[in-house]
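Colleague: I would like to go through this model feature by feature. Please give the general idea each time, then the case here.

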Amino acid sequence: QKRGDGSKKALYHGVLETMDEQLGPLFNFIRHSEKLRNNTLILFASDNGPEPGAGSAQPLRGTKAQLYEGGVREPLIVWAPGLLPADQRNATNTRTVISGIDFLPSLLPIAGVKVPAEVTFDGIDLSEALLGKAETVRQQPLFWKRPPDRPGPPRAPLPDLAVRDANWKLLVQENGARPELFDLGIDPGETTNLAAAQPAVVQRLQQVVLAWNQTLPAAQDVSALQTRPRRNRLRLE
C-alpha cells in the first residue's frame, strides 16, 4: 500500500510514513505514563544524508556516502519533556556540532552513570547541549572516511577523508591530494574552495586527518570482519 509507483522516492516516502505509524504509539505511551514521561530522553536522528533519487539535502552539497555536508549532516531531535527547561522546548541549537561518537559520553551523565577512570571515549560529553542548558561549542575536530564502495567517477573521484575543526572543513584524498577547504560558518553549501587562499589551514588540517587515517584498521582487516560468519545469534519466538 505504501510502495506507490515503486520508484525509489515513493518507497522512501513509504518508509517514512511507516516510521511515523510505529513511533507515534511509543511517544504517546511515554507521554501518558507518570513513571516514564519525566525521566525519559529520546534521540531521533538519521545516520547519513539522502540516497540519490530518494531525497535532497539542498541547500547542502552531496548525498549519502559522500563527505560533503549533504552526506554527513542531519538533524538531531531531542525529545525529553520532563528534562528540558520549558523555554527550550521547540528551540533549535545551531552552534553545537554533535557526532554519533558523542552519544555515549553524553547520555551516561544524564542517566547518572559514573564512568570508570580507566575508560576513555572517542567522543565528548555534550549533555548540557542535549538538555538545552548550553549551546556548547565543540573544541575537538571530527573525522570522516568515505565508504570504499562509493569512490565516485574515475575522472572526478570523491574525497576519501574529511576533517572539521570549528568552522573549517577540509576534504582530501588518502594521499593528501585534491584538497578542498570550506568555511562552514559562511558557506555551509561548500560552494567556494578556499584551499589556495588558506594554505596554512590546509597544511594543518591535512596533517591531522592523514594522521587519524593511519590509526584506522587496514581495508583488508575490515573486509575480514564483515565476511566472518556470525555466531550466537539471538532468536526470539
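Colleague: Which residue is the bridge partner of Leu171 in S6?

Modeller: In S6, Leu171 has Glu180 as its bridge partner. Before going on: this is a predicted model, in which local features need pLDDT of at least 70 and side-chain atom pairs count only at pLDDT 80 or more, while totals for chains, interfaces and linings use all residues. Residues are numbered from 1 along each chain as its sequence is written, and side-chain values use heavy atoms, with hydrogens and water left out.

Colleague: How many bridges join S5 to S6?

Modeller: The general idea is that strands of a sheet pair through backbone hydrogen bonds, either parallel or antiparallel. Two strands count as paired if DSSP finds at least two bridges between them. Strands (E, at least two residues) and helices (H or I, at least four) are DSSP runs, numbered from the N terminus. Here strand S5, residues 168-172, is joined to S6 by four bridges, and the two run antiparallel.

Colleague: In what order do the four strands form the open sheet?

Modeller: The order is S3-S4-S5-S6, with antiparallel pairing. Strand S3 (142-145) and strand S6 (180-183) are the edge strands, each pairing on one side only. From one strand to the next, the twist averages 15°.

Colleague: Which strands does helix H5 touch?

Modeller: Contact means heavy atoms within 4.5 Å. Helix H5 (residues 199-214) packs on the sheet and touches S3, strand S4 (161-165), S5 and S6. The direction of H5 makes about 120° with that of S4; axes are lines fitted to C-alpha atoms, for helices over the stretch in contact, and angles run from 0 to 180 degrees between N-to-C directions.

Colleague: Is Val163 buried or exposed?

Modeller: Buried means under 20% relative accessible area, exposed over 50%, and partly exposed in between (1.4 Å probe, protein chains only). Val163 is in strand S4 and counts as buried because its relative accessibility is 0%. Leaving aside neighbours within four places in sequence, the contacts of Val163 include Trp144, Trp168, Leu205 and Val209.

Colleague: What is the phi of Ala166?

Modeller: Ala166, in the loop between S4 and S5, has a positive phi near 60° though it is a residue other than glycine. Glu190 is not a glycine either, and has a positive phi of about 50°. Glu190 sits in the loop between S6 and H5 and is buried at 1% relative accessibility.

Colleague: How many salt bridges does the structure hold?

Modeller: A salt bridge is a side-chain nitrogen of Lys or Arg within 4 Å of a carboxyl oxygen of Asp or Glu. The structure holds 14. One of them joins Arg146 to Asp160, with the closest N and O atoms 2.6 Å apart. Both residues lie in the loop between S3 and S4, so the pair ties together parts that are 14 residues apart in sequence. Arg146 is buried at 13% relative accessibility, and Asp160 is buried at 11%.

Colleague: Which residues are linked in a network of salt bridges?

Modeller: The network links Glu69, Arg73, Arg164, Lys169 and Glu190. Glu69 and Arg73 meet at 2.7 Å, N to O. Glu69 is buried at 2% relative accessibility, whereas Arg73 is partly exposed at 35%.
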